[in-house]
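Subject: Structure handover

Hello,

Please find the structure below, with the sequence. My notes on it follow.

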Amino acid sequence: MRPSLGRSLKHYRRANLAVVLCCAVAAAVLSGALVVGDSVRGSLHDLTLERLGSIDLAVRAPTFFTIELATRVWSELAGEAHVAPLILLTGSARDPESGAVASGVTVSGVDRRFFDLF
């Protein structure tokens, strides 16, 4: 003879309660992680847009462009946009007093037009 569902639930009530509580805690943790993750993603997006300023487009190449390219691009846009040439290199820096060395430093080469972007 099969035991009834009610008797089975009553007999295993502590184990069933533990399972229900664990499921509730897991659901709360996952929901919280999703909310926090979405909030962090939104904050990083806003911070990135703030740091970019008025930069809409960047052209990157493994070799250097001539400075005339920036002038040609600016003239083709009829002066509607700021165009600034920029050189980004990875290098190292050394403090002359202590001799401490930092590697992996980003070295930027800019002219006055770069600062007009901000």
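Overall dimensions first. The protein has a radius of gyration of 30 Å, whereas a compact globule of 118 residues would have one near 13 Å; the radius is taken over C-alpha atoms, and the globule rule is 2.2 Å times the number of residues to the power 0.38. Along the principal axes, the C-alpha trace spans about 90 × 50 × 25 Å.

On provenance: this is a predicted model, in which local features need pLDDT of at least 70 and side-chain atom pairs count only at pLDDT 80 or more, while totals for chains, interfaces and linings use all residues. Residues are numbered from 1 along each chain as its sequence is written, and side-chain values use heavy atoms, with hydrogens and water left out.

Secondary structure. The protein contains four helices and two strands, in the order α-α-α-β-β-α along the sequence. Helices (H or I, at least four residues) and strands (E, at least two) are DSSP runs, numbered from the N terminus.

Surface and burial. The accessible surface of the protein is about 10700 Å², and carbon and sulfur atoms supply 63% of this. Accessible areas come from the Shrake-Rupley method with a 1.4 Å probe, and for residues only the protein chains shown count as cover. Of the 118 residues, 3% count as buried. Here buried means under 20% relative accessible area, exposed means over 50%, and partly exposed is in between (1.4 Å probe, protein chains only).

A nonpolar surface patch is made up of Val36, Val40, Leu44 and Leu47, with about 340 Å² of accessible area together. Patches take residues with over 30% relative accessible area and no salt bridge; like charges are joined within 9 Å, and nonpolar side chains (Val, Leu, Ile, Met, Phe, Trp, Tyr) within 5 Å. Leu47 sits in helix H2 (residues 13-52) and is partly exposed, because its relative accessibility is 37%.

Contacts. Of the contacts in the protein with a separation of 6 or more, 38% are between residues 24 or more positions apart; a contact means heavy atoms within 4.5 Å. Gly53, in the loop between H2 and helix H3 (67-76), is 64 residues from Leu117 in sequence, yet the C-alpha atoms of Gly53 and Leu117 are 6.8 Å apart. Gly53 is partly exposed, at 43% relative accessible area.

Strand S2 (residues 101-110) includes Val101 and Val107. Val101 is exposed at 59% relative accessible area, and Val107 is partly exposed at 41%. Leaving out residues up to four places away in sequence, Val101 touches Ala93 and Arg94. With neighbours within four places set aside, Val107 is in contact with Ile87, Leu88, Leu89 and Gly91. Two C-alpha distances go with these residues: Val101 to Ala61 is 28 Å, at 40 residues apart in sequence, and Val107 to Glu80 is 29 Å, at 27 residues apart.

Side chains of opposite charge can pair when their charged atoms come close. The structure has one salt bridge, defined as a side-chain nitrogen of Lys or Arg within 4 Å of a carboxyl oxygen of Asp or Glu. Asp111 and Arg113 form a salt bridge, with their closest N and O atoms 2.9 Å apart. Asp111 is partly exposed, with a relative accessible area of 23%.

How many disulfides does the structure hold? The count is zero, where a disulfide is a pair of cysteine sulfur atoms within 2.5 Å. The cysteine sulfur closest to that of Cys22 belongs to Cys23, and at 7.1 Å it is too far for a bond. Cys22 counts as exposed, because its relative accessibility is 54%.

Regards
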